[in-house]
Amino acid sequence: MISDEAVCLLARNSPALERIDLSSCFDLTNRTLLELSTHCPNISHIDIRHCNGITDDGVSYLANLGNIKSLNLEGCSSLNGSFVDNLVQSRAASSLEYINLSACTGISPVAVRKLIRKCQQ
């Protein structure tokens with residue numbers, strides 16, 4: 001299993017990293033997204049499908065990235081949508097081209113509408 005420690009080490013030593021697929025890495029926590037957003041400013045594609053240890057606080061760290069184009073959150077059952085406010089008010093919102101919220105049952109229709117409104121701008 002891939003751990004937070006492994007991804008954090010990768011992030012600290014790969015500042016030019018642009019894409020990362022961590023789908024189904026069940027042991028990952030918000031610490032992973034904090035380290036990626038801190039040490040990998042050029043990251044543009046993040047796939048954290050089915051990473052149930054990631055919460056809204058973790059996804060909110062990604063709002064600091066100005067180059068995020070693709071964010072796959074499919075099946076992240078710990079999300080409730082509170083990250084949306086941070087995301088739509090950030091630099092990341094203007095570069096985001098793709099977001100997958102499939103099977104994120106805790107995200108409300110209100111949060112989805114906020115994303116839609118931002119994408120229409």
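Helices (H or I, at least four residues) and strands (E, at least two) are DSSP runs, numbered from the N terminus. The model shown is predicted, so that local features need pLDDT of at least 70 and side-chain atom pairs count only at pLDDT 80 or more, while totals for chains, interfaces and linings use all residues. Residues are numbered from 1 along each chain as its sequence is written, and side-chain values use heavy atoms, with hydrogens and water left out.

**Figure 1. An open sheet of 4 strands with parallel pairing.** The strand order is E1-E2-E3-E4, where two strands pair if DSSP finds at least two bridges between them. Strand E1 (19-21) and strand E4 (98-100) form the edges, each pairing on one side only. From one strand to the next, the twist averages 5°; axes are lines fitted to C-alpha atoms, for helices over the stretch in contact, and angles run from 0 to 180 degrees between N-to-C directions. Strands of a sheet pair through backbone hydrogen bonds, either parallel or antiparallel.

**Figure 2. The pairing of strands E1 and E2.** E1 and strand E2 (residues 45-47) are joined in the parallel sense over 3 bridges. Asp 21 stands opposite Asp 47 of E2. Arg 19 belongs to strand E1 and is exposed, at 56% relative accessibility (buried means under 20% relative accessible area, exposed over 50%, partly exposed in between, with a 1.4 Å probe and protein chains only). Between the C-alpha atoms of Arg 19 and Asp 47, which are 28 residues apart along the chain, the separation is 8.4 Å.

**Figure 3. Loop residues Ser 24, His 50 and Cys 76.** Ser 24, in the loop between E1 and H2, has a positive phi of about 60° although it is not a glycine. Its relative accessibility of 32% makes Ser 24 partly exposed. His 50 lies in the loop between E2 and helix H3 (56-61); its phi is positive, near 60°, in a residue other than glycine. His 50 is partly exposed, with a relative accessible area of 30%. Cys 76 is found in the loop between strand E3 (70-72) and H4, and is buried, with a relative accessible area of 1%. Cys 76 and His 50 are 26 residues apart in sequence and 4.8 Å apart in space, C-alpha to C-alpha.

**Figure 4. The largest nonpolar core.** A nonpolar core is a set of buried Ala, Val, Leu, Ile, Met, Phe, Trp, Tyr and Cys residues joined through side-chain atoms within 4.5 Å. Of the 34 residues in the largest one, Leu 36, Ile 46, Ile 48, Leu 73 and Phe 83 touch the most other members. Helix H1 (4-12), helix H2 (30-39), H4 and H6 each supply at least two residues of this core, and H4 gives the most, with 4 residues. In soluble globular proteins, nonpolar side chains tend to be buried together.

**Figure 5. The lining of the largest cavity.** Leu 87, Val 88, Ala 93, Leu 96, Leu 115, Lys 118 and Cys 119 form this lining; a cavity is a set of points on a 1 Å grid over the protein atoms alone where a 1.4 Å probe fits but cannot get out, and lining residues have an atom within 4 Å of a point. Helix H4 (83-88) and helix H6 (109-120) each supply at least two lining residues, and the largest share, 3 residues, comes from H6.

Methods:
On a 1 Å grid over the protein atoms alone, a cavity is a set of points where a 1.4 Å probe fits but cannot get out, and a pocket is an open set with protein on both sides within 12 Å along at least five of seven lines; lining residues have an atom within 4 Å of a point.
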